[in-house]
Amino acid sequence: MVTTAGPVAGPVQSPPPAGTGSPTVLRILLGAQLRSLREAKRLSLEEAGNVIRASHSKISRLETGRVGFKDRDIVDLLTYYGVTDEKQRQELRELAVRANSPGWWHDYADVLPSWFEDYVGLEEAASQIRAYEVQFVPGLLQTEDYARAVTMLGYSNPKEINRRVKLRMARQAILPSLWVVLDEAVLRRPIGGHATMRAQLKHLIEMSQRPNVTVQVIPFKAGGHAAAGGAFSLLRFAEHDLSDVVFLEQLNSAQYLDKPDVVDGYLAVMERLCIGAVTPATTVKILRSMVRES
């Protein structure tokens, strides 16, 4: 689960305006503010836990946005932390209500793995997503037919497949600034057959014309490169209290990394991948050539 590096202790900050941010992000932001207040008073996790009749691990989960918030706990903690201004108290209580609200993706709870739920919430709130892919076109750039073909590689129930494809298409409704680097193998692998792959290549060309989408390809002739560990995504956020997150998807789980030195390492690798890849303009030429040849 995502953790935050923790803001500098100080006064309570104004919560995000109503209607902005996914519940996932709001939980993390509220947790960061509670941590800031606790650290400003030099209180331990154990001391804070005693106030709400919970363990130090419960406070840790609250502060890292891993669980929802009870209004009673918020009230008790704010009192213990010395927050007496009624406007500030009310703002934080209202933020807790918004953070506890189910995201739109809860409608897909039947097919959404718990380990991926946080990613969907973070994806929706990200100001920029940078991704390196070695096998498939990223989900945010997939056509429906391509998404169906990918889903069918791991599932056979028609109803479940339809639900998973609908979820992937729903994620595309909010498209942040997106910069992807694709290994040439992604383009050469005929997912879904000739017609599906041709349509997917044309879709990549169309999407790359958008001002918020950048696509680059690392051709086979480039040889080895920095991302020897495989695919990864780097999510960046406008909120200064929310640290960047590296997402590593595995077969039945995922890792969320947000320690600054780790994120910086992945960012450096991403920069080297972009330098090693052909330019976006040349990428479009490659894609058009592949469409003509298909």
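**The sheet and its surroundings**

Author: Strands β1 (residues 128-133) and β4 are antiparallel partners, paired over five bridges. Strands here are DSSP E runs of at least two residues, helices are H or I runs of at least four, and both are numbered from the N terminus. Two strands pair if DSSP finds at least two bridges between them.

Reader: Before we go on, what kind of model is this, and which pLDDT limits apply?

Author: This is a predicted model: local features need pLDDT of at least 70, side-chain atom pairs count only at pLDDT 80 or more, and totals for chains, interfaces and linings use all residues. Residues are numbered from 1 along each chain as its sequence is written, and side-chain values use heavy atoms, with hydrogens and water left out.

Reader: Good. Which residues are bridge partners in β4?

Author: Ser233 is the partner of Ala131. Phe232 is the partner of Tyr132. Ile129 stands opposite Leu235.

Reader: Leu235 again, then. What is its bridge partner in β5?

Author: Val245. β4 and β5 (residues 245-249) pair in the antiparallel sense over three bridges.

Reader: And β1 with β2, parallel or antiparallel?

Author: Parallel, over six bridges, with β2 covering residues 177-183. One of the pairs there is Glu133 with Leu182.

Reader: What is the strand order in the whole sheet?

Author: It runs β3-β2-β1-β4-β5-β6, six strands in an open sheet with mixed pairing. β3 (213-218) and β6 (254-257) stand at the edges with a single partner strand each, so one side of each has no neighbour in the sheet. On average, neighbouring strands are turned by 15 degrees against each other, direction ignored. Axes are lines fitted to C-alpha atoms, for helices over the stretch in contact, and angles run from 0 to 180 degrees between N-to-C directions.

Reader: Is β1 covered on one face or both?

Author: Both. In a regular strand, side chains alternate between the two faces of the sheet. Gln128, Arg130 and Tyr132 are on one side, Ile129, Ala131 and Glu133 on the other, and all are buried. Buried means under 20% relative accessible area, exposed over 50%, and partly exposed in between (1.4 Å probe, protein chains only).

Reader: How many residues of β4 are buried?

Author: Four of its five, over residues 232-236.

Reader: Which strands does α6 lie across?

Author: β1, β4, β5 and β6. α6 runs at about 45 degrees to β6.

Reader: Switching to α8. What is its length?

Author: α8 has 14 residues, 158-171, and reaches 20 Å from first to last C-alpha. That is close to the expected 20 Å, where the expected span is 1.5 Å times one less than the number of residues.

Reader: Which α8 residues are buried?

Author: Ile161, Arg164, Val165, Leu167 and Arg171. They lie on the same side of α8, because they cover an arc of only 155 degrees around the axis. That arc is taken from the directions from the helix axis to the C-beta atoms.

Reader: What do they pack against?

Author: α6 (114-125) and α7 (144-152). Contact means heavy atoms within 4.5 Å.

Reader: Which exposed residues are on the face turned away?

Author: Pro158, Lys159 and Lys166.

Reader: What happens at the start of α8?

Author: A side-chain oxygen of Asn157 comes to within 2.9 Å of the backbone nitrogen of Lys159.

Reader: New topic. Which non-glycine residues have a positive phi?

Author: Arg42 is one of them, at about 55 degrees. Arg53 has a phi of about 60 degrees.

Reader: Where do they lie?

Author: Arg42 lies in the loop between α1 (23-40) and α2 (45-51). Arg53 lies in the loop between α2 and α3 (56-63).

Reader: Buried or exposed?

Author: Arg42 is exposed, with a relative accessible area of 78%. Arg53 counts as exposed too, at 51%.

Reader: Last one. What are the totals for the protein chain?

Author: Twelve helices and six strands. Of its 294 residues, 47% are buried. The C-alpha atoms fill a box of roughly 70 × 40 × 30 Å along the principal axes. Among contacts between residues at least 6 apart in sequence, 74% join residues at least 24 apart.

Conventions. A polar contact is a pair of N or O atoms within 3.5 Å; within protein, one must be able to donate a hydrogen and the other to accept it, and residues adjacent in sequence count only if both atoms are side-chain atoms.
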